[in-house]
Amino acid sequence: MAAKKAKRPFAALKDLAAKAGRWLGLAATPEPVKHTQVVAFDRFDEMTWTDVYRQARALRELADDLADRHSYTTDLLRDLWTGAYKAAPQLHDLADMDSSRAVNHQVVSSLTESPAWKELRRNTVGDPYVSAMAVLAQGCTLRNMLEQTREAQKEAEEAQKAQRQAAQAAQQVQQAMEAAAAAADPDGQVPGDAEAQVAAAVAAAEAADQAAAEADADAQLALVKASPGIRTAARAAAEQAADKVREDAELMAAWGVEPERLQRMSFAERADLARRLSGSRLAAYAQLIGRFRAMAAGERARRVEHTTGELVGVTVGEDLARLVPSELAALAVPALRADFAVRLAEGRLMVYESRDEEETGQGAIIALVDCSGSMTRRIDGSMALETGDVTREAWAKALSLALLDQARASGRDFVGILFSSKDQQQAFHFPKGRADLVDVLEFAEHFFSGLTDFQKPLGQAGDILADQYNADGSRRADIVLITDGSARVADEWMEQWRQRRDLLGFRVFGVSIAQRPTKVLEELCDNLRQVSDLLDLDVTRDMFRTI
């Protein structure tokens with residue numbers, strides 16, 4: 001009897017499915033969507049960022065520069081901007097992030113946990129431009145920070161690659177099982193070659209899964225090692241950005257640029273304005289300008305609060321119209337009348353004290369600013385070597401800008417006249433104190449660096465007031481002469497000056513910087529003061545209650 005032919009080995013389909021079940025489930029279940037942005041954003045945030053990124057060339061250049069050595073840097077810059085811009089930014093959990101963005105998550109979370117971040121956001125929330133400037137201010141520190149994370153980023157990308165390979169291996173198990181099912185007989189038996197393909201796919205999936213787990217562990221370890229350096233660098237970046245944003249805000253406020261006006265500007269206009277302000281002659285003196293303006297505003301408020309004739313206390317005197325009630329009561333007592341008469345004769349009656357400020361002006365306010373070479377020096381006469389050294393010019397122009405505010409607040413015309421040598425004068429006219437910022441900057445930045453002449457600028461101021469008087473009869477203007485020098489004036493000119501001052505009724509305030517007022521200044525001015533400390537504004541405080 002012939003020998004029976006050997007049967008081809010078969011395996012049960014259900015047994016293969018049990019062995020491959022884990023990867024079949026992975027292949028059948030869609031991968032959860034992982035976030036590539038650390039900070040959650042909505043459609044409005046996305047539109048705003050797209051517009052800012054389009055307009056901000058500096059942002060694009062920073063992204064390109066960082067991208068030369070690092071991955072996903074545009075995503076990182078967007079996260080930093082969104083975190084600064086949104087009112088209540090929310091960070092995704094690290095477990096929900098795409099593994100390639102783990103470093104970005106660590107950088108952003110470290111920044112937002114920094115104490116300086118809260119200070120930074122006082123100026124950035126809701127302002128796309130300032131938020132972009134905050135990101136740019138962190139540029140150098142970001143470069144250093146990303147250098148420290150190169151190994152962690154490399155391991156993160158390796159982990160992502162391993163995860164993709166594990167997913168592909170799981171898909172191959174699925175495909176092998178589908179082929180085995182197609183080859184199975186009606187009893188569910190699978191041919192040996194199909195079984196072998198499933199076994200090979202399962203083995204590959206197990207290896208890929210193990211490799212992914214090891215790569216993920218390596219990535220986490222690398223990130224843990226980099227974290228202390230990231231946190232240190234993040235604190236420095238946040239502090240740097242906060243300082244920059246605060247300085248810019250102070251600079252804008254010092255120049256009187258209202259937030260509402262900034263909001264109406266395009267990104268390019270604001271960037272150009274910031275560059276011009278930070279590059280002006282007085283950029284380093286924003287704090288001084290701001291102090292002058294704040295002091296002037298305070299004195300204006302005080303002048304309104306304590307108006308002429310307001311009763312502010314009790315003193316001694318002889319004004320019967322201001323007797324306190326107790327003195328009036330004494331007149332009703334015959335025995336006290338003799339004492340009352342004696343004290344009246346001696347001016348020792350108790351009377352109410354009233355505030356009698358000088359009559360305020362109504363004509364133009366004219367600031368004459370000495371722009372001779374010596375005005376570039378400090379108060380002690382030495383050259384200003386450091387950026388933060390306060391010069392005589394800076395002090396004089398800061399005072400002038402406060403006077404411009406004074407004119408605007410009272411609806412008076414303002415004229416700033418810069419002068420130096422006999423043929424060096426330039427006048428800037430601001431009707432009702434209203435000025436275009438470009439013109440204000442030109443006034444503040446212009447400088448002659450010549451000698452000192454008083455006759456020409458004072459004569460020009462007198463001509464301006466005469467024209468105003470002839471046009472509308474305005475009198476009681478105020479001229480403020482700010483100088484550190486001395487100059488001769490002709491006797492004939494001085495006599496004409498006195499006559500013109502009496503005719504037009506203007507007052508002349510003199511401010512002598514770093515030296516005792518000369519006899520010429522004393523004759524020219526009605527009110528004269530000396531400045532011996534450029535950080536002390538009190539010498540001009542009463543001027544803002546009078547002008």
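## The chain as a whole

The chain has 22 helices and ten strands. The model is a predicted one. Of the 547 residues in the chain, 45% are buried.

Contacts can also be sorted by how far apart the partners lie in sequence. Among contacts in the chain with a separation of 6 or more, 80% are between residues 24 or more positions apart.

## Helix α9 and its surroundings

Helix α9 covers residues 139-148, and its buried residues are Gly139, Thr141, Leu142, Met145 and Leu146. Viewed down the axis of α9, these buried residues fall within an arc of 155 degrees, so they line one face of the helix.

What lies over that face? The cover of the buried residues of α9 includes α4 (57-67), α5 (73-85) and α6 (102-112). It also includes α8 (128-137), α10 and α11 (192-254).

## The packing of α4 and α8

Two packed helices are described by the angle between their axes and the distance between the axes. For α4 and α8 the angle is about 35 degrees, and the axes are 10 Å apart. The crossing of these two helices is left-handed.

On the α4 side, the contact is made by Ala58, Leu59 and Leu62. On the α8 side, the residues are Ala132, Val135 and Leu136. By type, the residues of this contact divide into six nonpolar, no polar and no charged.

## Glutamine 160 in α10

Helix α10 runs over residues 150-183 and contains glutamine 160. Is glutamine 160 buried or exposed? Its relative accessible area is 13%, which is under the 20% limit, so glutamine 160 counts as buried.

Leaving aside residues up to four places away in sequence, glutamine 160 touches Tyr72, Asp98, Ser99 and Ser100.

## A salt bridge between aspartate 127 and arginine 270

The structure holds 26 salt bridges. In one of them, the side chains of aspartate 127 and arginine 270 meet at 3.1 Å, N to O. Aspartate 127 lies in the loop between α7 (115-124) and α8, and arginine 270 lies in helix α13 (residues 267-279), so the pair ties together parts that are 143 residues apart in sequence.

Aspartate 127 is buried, at 8% relative accessibility. Arginine 270 is also buried, with a relative accessible area of 6%.

The side chains of aspartate 542 and arginine 529 meet in a salt bridge of 2.7 Å, N to O. Arginine 529 belongs to strand β10 (527-531), while aspartate 542 lies in the loop between β10 and α22 (543-546), so this pair ties together parts that are 13 residues apart in sequence. Aspartate 542 is partly exposed, with a relative accessible area of 30%, whereas arginine 529 is buried at 8%.

A salt bridge also joins the side chains of arginine 541 and aspartate 538, at 2.8 Å, N to O. Arginine 541 is partly exposed, with 28% relative accessibility, and aspartate 538 is partly exposed with a relative accessible area of 46%. Which residues are linked with these two in a network of salt bridges? The network consists of Glu299, Asp538, Arg541 and Arg545.

Terms used: Residues numbered from 1 in each chain as written. Predicted model: local features only at pLDDT ≥ 70, side-chain atom pairs only at ≥ 80, totals over all residues. Heavy atoms only, no water. Helix = DSSP H or I, 4+ residues; strand = E, 2+ residues; numbered from the N terminus. Buried < 20%, exposed > 50% of the residue type's maximum accessible area, 1.4 Å probe, protein only. Contact = heavy atoms within 4.5 Å. Arc of directions from axis to C-beta. Axes fitted to C-alpha atoms, helices over the stretch in contact; angles between N-to-C directions. Left-handed = near helix turned anticlockwise from the far one by under 90°. Nonpolar A, V, L, I, M, F, W, Y, C, P; charged D, E, K, R; others polar. Salt bridge = Lys/Arg side-chain N within 4 Å of Asp/Glu carboxyl O.
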